[in-house]
Structure formats: C-alpha cells, structure tokens
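Thanks for coming. I will take a few minutes on one structure, so please have a look at the screen.

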Number of protein chains: 2
Amino acid sequence: MGNALPPRRLTLDQVAERAGVSRSVASRVLNNAPHVSRAKRDAVERAVRDLGFVANSKARALATSQSGVAALVISRQDPSILADPFYAQVIVGISAALEEGDLHLMLCLAESERGRARVEKLLRSGAVDGVMMMALHADDPLIKVADKASTPVVFGGRPGGTPPQWYVDIDNVAGARAATEHLLSRGRRNVVTITGPLDTEVGQARHRGYREALLLAGLKARASETGDFTEASGAAAMSRLLEHQPDLDGVFAANDNMAAGALKVLRGAGRSVPEDVSVVGFDDLAVAQNAQPALTTVHQPIRDLGTEMARMLVALIGGKNPSPILLPSHLVVRSST
Amino acid sequence: MGNALPPRRLTLDQVAERAGVSRSVASRVLNNAPHVSRAKRDAVERAVRDLGFVANSKARALATSQSGVAALVISRQDPSILADPFYAQVIVGISAALEEGDLHLMLCLAESERGRARVEKLLRSGAVDGVMMMALHADDPLIKVADKASTPVVFGGRPGGTPPQWYVDIDNVAGARAATEHLLSRGRRNVVTITGPLDTEVGQARHRGYREALLLAGLKARASETGDFTEASGAAAMSRLLEHQPDLDGVFAANDNMAAGALKVLRGAGRSVPEDVSVVGFDDLAVAQNAQPALTTVHQPIRDLGTEMARMLVALIGGKNPSPILLPSHLVVRSST
DNA sequence: GTGGAGAATGGGAGGGCTTCCAAGATTCTT
DNA sequence: AAGAATCTTGGAAGCCCTCCCATTCTCCAC
C-alpha cells in the first residue's frame with residue numbers, strides 16, 4: 001500500500017536462480033509436468049518452500065488463457081430472491097464441486113441495467129472460464145448475454161422456451177405428480193392447485209405434473225389459481241379458490257411459501273387441515289416445517305443441483321460434452337395431509 | 001472449445017489498426033486517459049463498437065497488477081452457516097457496494113483443510129485486490145491466512161482477541177443493553193440470559209450489554225447459561241435456567257434461534273409468554289416473526305454491514321485509510337414482551 | 001521569425017508466466 | 001562401441017495489455 005520500497009514480489013526467476021535451474025524447469029516443477037530430473041525437482045521444491053513462493057495468477061492466466069474462475073450469475077428480477085435459503089444451498093453445492101475442479105467461484109448478482117452490462121463485460125473479457133446461470137424467465141436479458149460470451153454456460157433450472165444445451169434441473173413434473181397422487185391416495189377427490197407464474201418453466205412443469213396425476217386417475221382437473229411464489233399470493237389464490245370451489249378437499253401449491261399462505265386462509269375460513277382439506281407444498285424449505293400444521297411437501301435436492309451444475313461446467317471446461325441432468329425429488333409426508 | 005481454426009481473440013492492436021492509430025492511443029481511449037485528440041478518440045470508439053471489442057482482462061490485470069476482484073471469505077466451521085439468510089443479506093449489500101468500485105466478487109467458502117490452503121494460495125497469488133472476511137473465532141486459521149496475504153483485509157464482525165485494524169461490526173453491546181432495558185421497562189426484575197459462545201466477540205459483547213443494563217438499573221446479574229446459537233442449545237439452556245432459577249420472569253437470548261428454543265421449553269413448562277415470562281432475542285431473522293408468540297428482538301442492519309465492508313475495502317484498495325465502523329441496531333417490539 | 005510550453009503520438013519495454021524448440025545428456029540396441 | 005531413441009535442459013518467443021519516454025506537432029508570445 002504505497003510503501004517506500006515496495007519489496008517487489010517474488011518471481012519464478014528468483015526461485016529458479018536459487019534452485020540453480022532455468023525458469024523453464026522451475027515452471028515444469030510447479031505444474032508438475034514431466035521431463036524434470038529428480039534432483040532438480042527436489043531443488044525447485046525446496047526453493048519454493050524456502051522462499052514461500054506462490055505463482056502470480058495473473059501472469060499464469062495470461063499465459064495459459066485460463067483464469068481458473070467460474071461465475072455464478074443470478075438474475076435478480078425480484079428483490080429478495082437471494083434471501084431465501086435456496087441459493088445458499090446451491091452455492092454450497094457449487095463451491096464444493098468447483099473445489100474438485102480447482103476453480104474459484106465468482107458471484108454475480110445482476111439486477112440493474114448497469115450490473116448486467118458489467119456481467120457482460122466480465123464474460124466477454126475472458127475473466128471467467130465458464131458460467132453457471134440461474135434465470136427463471138425465457139426473456140431474461142442475461143440469457144442473451146450468456147449466449148454472446150464464447151465461454152461454456154450451464155443453466156440451473158431451465159428458463160422457459162427452448163431448453164438450453166446444458167442444464168441441470170429438478171424433475172418438477174414428477175414431483176408435482178407425486179404430490180397430487182399423494183392427495184388422491186388420501187381419498188381426496190376435489191383437488192385444486194395454486195400454480196406458480198405460468199411464464200416460467202418451473203411454474204408450468206408443476207402444473208403439468210398436477211394435471212397428469214389427475215388424468216392418470218381418471219379425474220378432471222379442477223380449479224386452479226396462479227400465484228407468484230410468495231406467501232401473500234398463495235393466500236390470495238386460496239381465497240379465490242374457496243370462493244369458486246367451496247367443496248375442495250385437497251390443495252397442491254406449487255411451492256411452500258404459497259402453501260403457507262393457503263394454510264392461513266384455510267384456518268381463517270374455519271377449514272381444518274388435514275381433516276377437512278389436505279395441503280401439499282413444494283420445495284421443503286424451513287417454512288414447511290414451521291408451518292401449522294407442518295407441511296407435506298416435495299423435497300428437492302438443492303445442494304445436488306449446485307453440485308451437478310458445477311460438475312457439468314468443469315466437464316465442459318475440460319472439453320467434454322456432458323448431457324443435461326434431471327434430478328429426482330421426493331415427497332416428505334408431514335401433518336398437513 | 002477446440003474448433004478447427006480458433007478465431008484468435010480480438011486484440012487491441014486490431015482495434016488500433018482499424019482506427020488508424022497506434023496501440024498506445026487506443027489504450028488511452030479505452031481507459032479514457034488524456035492526451036488524445038477528439039478525432040482519434042472518436043475513431044477508436046467507433047472501431048471498438050464495430051468490432052465489439054472487449055479488452056482482455058487477464059492482460060490488463062497483469063499490466064496494471066490489479067485484478068478488479070474482491071474476495072469474501074467465509075469460514076464454515078459449522079456446516080449450515082450459509083443456510084441462514086444472514087449471509088445472503090450481507091452478500092447483497094457487498095455486491096451493490098462493490099459495483100460502485102467496479103470490483104467483482106469472489107466467494108470463498110473454506111471448510112476443509114484443503115479449502116483453506118486454496119484460499120491462502122488465492123490470496124497470495126495476487127488474484128484478488130482485497131479481502132472481506134467473516135470469522136467468529138479468534139483462533140480461526142483463516143485469520144492467519146489473511147494476515148500473510150499482502151492485500152488489505154476488512155473484517156465483518158470482530159473475531160475475539162485484539163480487534164483487527166479494519167472492521168465493520170454491529171454494536172452488539174448497545175443492542176443487548178437495549179434489549180435488557182426493555183425487559184426491565186416491562187417490570188421484569190428477575191431477568192436471565194442465554195449467551196452465545198463466550199469465546200466469540202459477539203457472544204461476549206451481547207453478554208456485556210446484558211450485564212451493563214442490569215448494573216445501570218442497580219440490579220444484580222442473574223443466572224446465565226451458554227448456548228451455541230442453535231435452537232436446540234437455546235432449549236437446553238432454558239431448561240437449565242428454569243431448574244436453577246424457577247422464579248425468572250424475563251429472558252434475553254443472544255440470538256433468535258436460541259430464543260425460539262427457549263419459547264418452546266417455556267411453553268412446555270406451562271409458563272405463558274409474555275404473561276409469566278418476557279423473552280427477547282437478537283438478529284431479527286425470519287424465525288423471530290414466525291415464532292409463537294412473535295418475538296421481540298434486536299434488528300441488525302445486516303445489509304448495511306455488507307455495504308460498509310465493501311465500501312471500506314474499496315477505500316483501502318484506493319489507498320485511503322478508513323476507520324472501523326460500528327453499526328447501530330434497534331429494538332423491534334413484538335408479542336413476546 | 002524564433003523559442004518554447006504544452007499537447008498529441010507511437011515505439012518499445014515491461015508485467016511474470018507457459019511452452020515450443022533446438023541442443024546437450026543419457027540410455028538402449030545390436 | 002557406434003548409432004538410434006529418449007530425457008533433460010535452458011533460451012527465447014509468446015500471451016495482450018499499460019505506461020514511460022522520446023519525438024513530433026500546435027500554437028502563442030515576443
């Protein structure tokens with residue numbers, strides 16, 4: 001920080017000199033490449049240890065044109081998206097898997113137009129070797145940004161529209177079907193649903209699973225109302241459903257937050273859960289366990305989602321061509337059904 | 001990715017050639033430095049636009065010896081620390097403030113020994129211009145790692161022991177004092193506390209605030225039990241307190257999770273809250289609102305914590321010498337008191 | 001018209017590493 | 001024991017910018 005005599009960072013030349021070898025040899029030892037005699041290898045390693053040398057990553061990056069960094073880009077169209085524990089778990093999974101590939105994680109939250117421009121520059125400047133992207137909407141401008149980058153991109157969850165080439169997603173259809181079938185197996189016959197936004201793939205998929213289950217059981221789809229994955233929207237949807245479909249006896253909500261909202265409205269309307277109405281959510285977040293009554297829901301392997309995204313990206317960076325992955329979810333039965 | 005003819009990334013020379021100027025001039029335009037005529041500036045800018053040129057960040061980093069990246073290092077001694085919304089908010093704050101300084105965010109979760117070694121290498125390789133660090137324990141090995149790095153380090157929350165030179169922290173003492181005084185103002189006279197781990201600064205500070213409040217009110221400190229900030233430990237501590245101090249009428253828990261555990265135990269013991277016993281927590285996480293009854297607690301400006309950390313780091317990187325910051329917290333009164 | 005201040009310009013030397021290649025050292029064949 | 005085959009080795013060319021500095025140009029004062 002502006003000392004009198006900046007002590008001039010240690011360089012590979014100094015290591016080489018101290019070990020009595022050329023810079024080339026020293027470099028080979030560092031990258032443990034072949035064609036180095038045992039004696040010189042030892043000498044270099046000792047010099048590295050004695051001097052406490054760590055190679056300058058910028059120079060290495062320039063020479064190899066590899067930065068050793070992967071970016072996770074999170075589109076924040078809504079304000080508090082990161083606040084839910086979902087991303088935290090994804091990140092933990094990613095972090096662990098990137099460690100395997102010896103990559104570091106750069107986290108980009110792009111909300112403003114300016115932020116998006118920064119992300120674009122980041123990707124196109126070659127500062128990262130690959131990108132993981134979480135975006136809900138097919139028209140998210142970040143998707144185009146990622147396309148323009150000439151670096152591999154893995155999606156976490158498919159945005160709507162034509163699916164990207166590489167993605168990891170939860171099998172939302174199967175999960176929603178299992179949830180609905182569970183309601184039917186409890187003897188419910190008038191099962192309604194609170195869907196997520198239908199312009200998102202996840203919203204659509206969970207709705208599809210619901211309809212499939214009814215279809216397979218030979219039942220007609222009942223009323224559905226759309227929410228936006230918030231508790232408040234779930235409550236509002238539930239009110240509307242009660243109004244139009246007073247004899248409902250089962251509710252599949254497309255996520256736990258909305259299910260929690262629905263529970264409150266049901267309680268307020270004097271319907272007891274699970275006696276009068278059974279309710280199932282989706283996600284298995286903390287809110288599901290804390291709900292009154294505790295919520296039956298579909299558990300997603302969120303951490304695995306992160307892990308698999310990172311693994312896929314590592315494979316891509318390594319020149320391989322992995323296939324998309326759909327992760328299974330499973331039902332967790334609690335007191336609401 | 002291994003094409004036949006890798007199209008050889010665009011370079012500044014090509015921009016310069018197209019604009020009919022030397023590379024030096026082109027570079028000056030890119031960094032909008034002075035000493036460029038209007039005409040050439042325009043020519044270069046047009047060439048940049050036409051070609052879609054983005055400077056190679058690795059080369060720039062090497063030349064300027066600035067990476068444009070700041071790291072957030074989170075020590076994960078316990079497994080699910082990131083899962084609480086705390087870090088999510090810190091990160092959002094950091095991200096916003098880093099954008100001001102045109103820095104990108106690298107996220108390092110170091111739990112294993114290997115992960116720690118990787119972080120050390122990252123810092124010492126000069127890959128980041130500065131570090132923000134969140135660590136609870138004074139003996140966290142990461143603190144030494146940060147010391148060895150010759151890059152500026154800002155702490156979020158002081159670890160125990162001698163405080164670091166640069167940090168941003170919540171004023172835990174004042175918050176705890178306010179919480180305790182609130183209990184006293186409700187007429188409680190036998191106020192006990194559930195502390196956090198006393199080998200952490202935050203644990204100690206909140207305990208100190210509790211004692212100060214009692215002292216100022218001319219009361220003696222009552223029983224205290226120590227937890228580890230988990231709900232389970234709060235419940236256990238509450239049981240012990242009920243046993244040794246059956247006439248207690250107020251509880252200050254050093255965080256919301258432990259307060260939630262305490263509430264459950266109190267309910268189980270037939271003490272009603274807030275009639276028989278008043279309870280105050282600390283943090284104002286979601287759990288405080290969801291608790292039964294809703295928890296009076298101390299709200300912390302968590303997002304601001306992140307913002308200020310990042311700002312401080314930006315200042316340090318810019319060669320300034322900022323002062324440590326203590327952020328105020330405030331009481332949120334709900335139904336538990 | 002001349003000197004000189006100050007701006008504009010481009011050449012070129014880094015920045016610290018990787019990697020190609022030619023040359024020297026070693027081992028293996030027969 | 002000579003020649004082929006294989007390892008080791010170090011010199012030097014890159015990677016793509018930034019920035020110092022010597023040079024040229026512009027313009028104004030006297």
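Predicted model: local features only at pLDDT ≥ 70, side-chain atom pairs only at ≥ 80, totals over all residues.

Let me start with DNA strand D. There are 26 residues around DNA strand D, and those that come nearest are A:Ser24, A:Arg28, B:Arg8, B:Arg23 and B:Ser27.

Now some individual contacts. In chain A, an N or O atom in the side chain of A:Ser24 is 2.8 Å from a base oxygen of DNA strand D. In chain B, a polar side-chain atom of B:Ser24 lies 3.5 Å from a base nitrogen of DNA strand D. B:Leu12 uses its backbone: an N or O atom there lies 2.9 Å from a phosphate oxygen of DNA strand D.

Which elements give two or more residues to this surface? They are helix H2 (23-30) and helix H4 (57-64) of chain A, together with helix H2 (23-30) and helix H4 (57-64) of chain B. By class, the surface near DNA strand D has ten nonpolar, ten polar and six charged residues.

Next, a helix pair in chain A. Helix H8, residues 172-185, and helix H9, residues 201-216, have axes that come within 7 Å and cross at roughly 40 degrees. Why are H8(A) and H9(A) called oblique to each other? Angles under 35 degrees count as roughly parallel and 65 to 115 as roughly perpendicular, and the crossing at roughly 40 degrees is therefore oblique. The crossing of H8(A) and H9(A) is right-handed. Residues making the contact include A:Ala176, A:Thr180 and A:Leu184 from H8(A), and A:Ala205, A:Gly209 and A:Leu216 from H9(A). This contact has nine nonpolar, three polar and five charged residues.

The last pair is in chain B. Helix H10, residues 231-244, packs with helix H11, residues 256-268, at an angle of about 50 degrees, their axes 7 Å apart. H10(B) and H11(B) are therefore oblique to each other, and their crossing is right-handed. Among the residues in contact are B:Gly234, B:Met238 and B:Leu242 of H10(B), and B:Met258, B:Gly261 and B:Val265 of H11(B). The contact of H10(B) with H11(B) divides into eight nonpolar, five polar and two charged residues.

That is where I will stop.

How values were computed:
Residues numbered from 1 in each chain as written. Chains lettered and ligands numbered in written order. Heavy atoms only, no water. Axes fitted to C-alpha atoms, helices over the stretch in contact; angles between N-to-C directions. Helix = DSSP H or I, 4+ residues; strand = E, 2+ residues; numbered from the N terminus. Parallel < 35°, antiparallel > 145°, perpendicular 65-115°, else oblique. Left-handed = near helix turned anticlockwise from the far one by under 90°. Contact = heavy atoms within 4.5 Å. Nonpolar A, V, L, I, M, F, W, Y, C, P; charged D, E, K, R; others polar. Near = heavy atom within 4 Å. Polar contact = N/O pair within 3.5 Å; in protein donor to acceptor, adjacent residues only side chain to side chain.
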